[in-house]
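The sequence and structure come next, followed by a description of selected parts.

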Amino acid sequence: MNRPVSLGSILLLVALLALPAPVVARQESSTPVLNRLLPAESSSAPILGFQLVSPRDGWLLAGSALYWTSDAGSTWKEITPAVRGVIQAAFFTTPQSGWVILTAPSEEVYILAQTMDAGQTWRSQVLNLFEPGDPAAIASHVYLQFRDEQNGWLVVKQATGSTFSRGTLFLTSDGGSTWEPRSLPAGDPVVFSSPMTGFLAGGAAGDEFYRTMDTGVTWERVTVGSLAEGERRFYHSPRFINPLIGYLPTVVAGAGDSSRLEVFQTRDSGWTWRLESAARLDASLVPNHPLPFAVTGADRWRIALPGTSQLVDRAALTNRASLPGSDSSAGKNAPVLTTLDMIDSTSGWALEQTGWCTDETCTQQSRLLATSDGGQTWSPLTLPQNGALNPTAILTQAATGQAFDVCALLNANQMATWYTSSPYRTRNLYMGGSAMADCGTLTAAYVAQMAAQGWKFIPTWVGPQASCGYYKSKMSSDPATAYNQGKAEADLATEAAYNLGLTLPNKGGTIIYYDLEAYPNSDTACREAAKAFINGWTYQLHARGNSAGVYGATCASKLTDFSTITHVPDAIWPAVWLSPNQYRPDASTTDLLCLSNALWSNHQRIRQYAGGHSENWGGVSITIDSNVVDGVIARQNGFIATNWHYLPAILRFR
């Protein structure tokens, strides 16, 4: 039997529903179009990676297969190594010499395959990169690059929630036979301009830039350019044409919807950077929006206008005071370039993505484009067709339980576009915590605006991590102390949820998920402390009239440990990723590794099935983690508990 809802709660809900949805206006631009795409039908299947090795030679990773072309994409030959595993990354230094990194089904075993004859034959070996049970071995992304046939580097980005960015760097000087580990300040691609000097751009929020001068032994954070009060700079990977000269693309986000592109140049190996080109954007950008950028020679580069499928060069950017941002009203007709690879000043490939929804289905499409005139015109390549490459249209019923999580604080227009043009209807909210990255400051007004659009939420708290983990903010290793810390974090999270309007007036009636990242579960004392912490977390949330959830990797975070504690969490958010990272309408919350279907089986699960990847819906590209929901989520001034047992002081919506 349901409890009566208070008049105050009803008034709050009515006020929320009465908020007007934002008006999304079409952006008209006076920027001259440097290049227009030739019209063509959408091409084939999930494109996961590509590289143009020469004007006529290149590889394509699509589905589970690797393909090679020697005629600029007119024909393709499959060159997938005969190794049992999933291809995570590939790189070729010449049309003959290349390497592929694969992971075995256990996800902790890495295999390197090498070819010296353009993929006709492969030699493979198992790499001993991590100790058994090390959570750092479970990757969300793998980045591979070689300078020549002997010297290369590999970055394994650990699978974490989007408020974290962790990774490990490995170096080889013998063609990949042996690898030496290095630390990384964040789990993002590394660019080396010389054997000793390297750079990393990104971090959890995208606003970090680091430099190493000793081959990754040490790293220092670098600040480039000047900012006005209230502005924030987001960095993208630099590009070098030689050990001395390179370019660094950045986006500066200001207050409100203002933003601008700024490109910096170095002529001393990245020791100093000077602003070379800048242009204001008509609309704000998602901070982690893809920013395709390619250097094509001395003082020559190309960059894709954010949120469009247009390229400009250095002169066009410098001579324009304003450039168009994302046109979120164009729907299906708003393709966006998300990746760019130029081998020289004339020849290049680019990945274009778009997505849209009708009343019954949602479709995400991508196509590989080629240019031979420096980006003046682009033509879609005909991709190989076989069992591994079915058409890319992915269909699903609208609003069938898809959710996404992201660190970035997306604006109202971006969220409105995704609500009407994507399959997602739920997103997480990073509310705070001592271990949370700088994901922006949530406000009740912002959450109300999202709720008025129709969004539901996964309230997330990122407090102290396991005592044996890798994070600066840690819980105690003493179970009694950890239990009290869990209670204290529950109080902090409850107050944060209340301030965001996610609870009833009595500060109850919602659910909050605790983000507990992976840790070495072979440490028994550490596991006991984590169990005590979640025991305290759950107890205190229940005492405040709320439900308790826990996010974590099923194996590395030992979610099963929390099924035997005194105060068992009401719901779980397991991270069990499917490779490759992409939108999947058929992802399931059952049959998960290291987690029995008998646990949390009554609609108590949200599964994070894909790590950070870019999706374009309605002309807006965002890098997200994807989830499928069969559990408990929240809304402002109320609670969603679809097919869920009764909880005290909860408003139920169906």
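Beyond its neighbours within four places in sequence, Ile-606 is in contact with Ile-458, Tyr-513, Ile-572, Trp-573, Pro-574, Asn-627, Val-628, Val-629, Val-632 and Ile-633. Ile-606 belongs to strand β37, which covers residues 605–617. One of its contacts, Trp-573, is 33 residues away along the chain, yet the C-alpha atoms of Ile-606 and Trp-573 are 4.6 Å apart. Is Ile-606 buried or exposed? The relative accessible area of Ile-606 is 0%, and because buried means under 20%, Ile-606 counts as buried.

The model is predicted. Mean pLDDT for the protein chain is 82, with 83% of residues at 70 or more. Residues 1–44 have pLDDT below 50, and this stretch makes 89 contacts in the model beyond near neighbours in sequence. Another stretch, residues 638–654, stays under 50 in pLDDT and has 53 contacts beyond four places in sequence. The two stretches are set out below.

| Stretch | pLDDT | Contacts in the model |
|---|---|---|
| residues 1–44 | below 50 | 89, beyond near neighbours in sequence |
| residues 638–654 | under 50 | 53, beyond four places in sequence |

As a whole, the protein chain holds six helices and 41 strands. Of its 654 residues, 60% are buried. Taking contacts between residues at least 6 apart in sequence, 60% join residues at least 24 apart.

Two of the helices can be described as a pair. The axes of helix α3 (residues 412–421) and helix α4 (residues 444–453) come within 10 Å of each other and cross at roughly 25°. Angles under 35 degrees count as roughly parallel, so α3 is roughly parallel to α4. The crossing of α3 past α4 is right-handed. On the α3 side the contact is made by Ala-412, Met-415, Ala-416 and Tyr-419, and on the α4 side by Tyr-446, Gln-449, Met-450 and Gln-453. Sorted by class, this contact of α3 with α4 has six nonpolar residues, two polar residues and no charged ones. An α-helix has 3.6 residues a turn, so residues three or four places apart point the same way.

Which residues of α4 are buried? They are Tyr-446, Val-447, Ala-448, Met-450, Ala-451 and Gln-453. Tyr-446, Met-450 and Gln-453 are also among the residues of α4 that make the contact with α3. Just after α4 comes Gly-454, with a positive phi of about 120°.

Definitions and conventions
Residues numbered from 1 in each chain as written. Predicted model: local features only at pLDDT ≥ 70, side-chain atom pairs only at ≥ 80, totals over all residues. Heavy atoms only, no water. pLDDT = per-residue confidence, 0-100. Contact = heavy atoms within 4.5 Å. Axes fitted to C-alpha atoms, helices over the stretch in contact; angles between N-to-C directions. Helix = DSSP H or I, 4+ residues; strand = E, 2+ residues; numbered from the N terminus. Parallel < 35°, antiparallel > 145°, perpendicular 65-115°, else oblique. Left-handed = near helix turned anticlockwise from the far one by under 90°. Nonpolar A, V, L, I, M, F, W, Y, C, P; charged D, E, K, R; others polar. Buried < 20%, exposed > 50% of the residue type's maximum accessible area, 1.4 Å probe, protein only.
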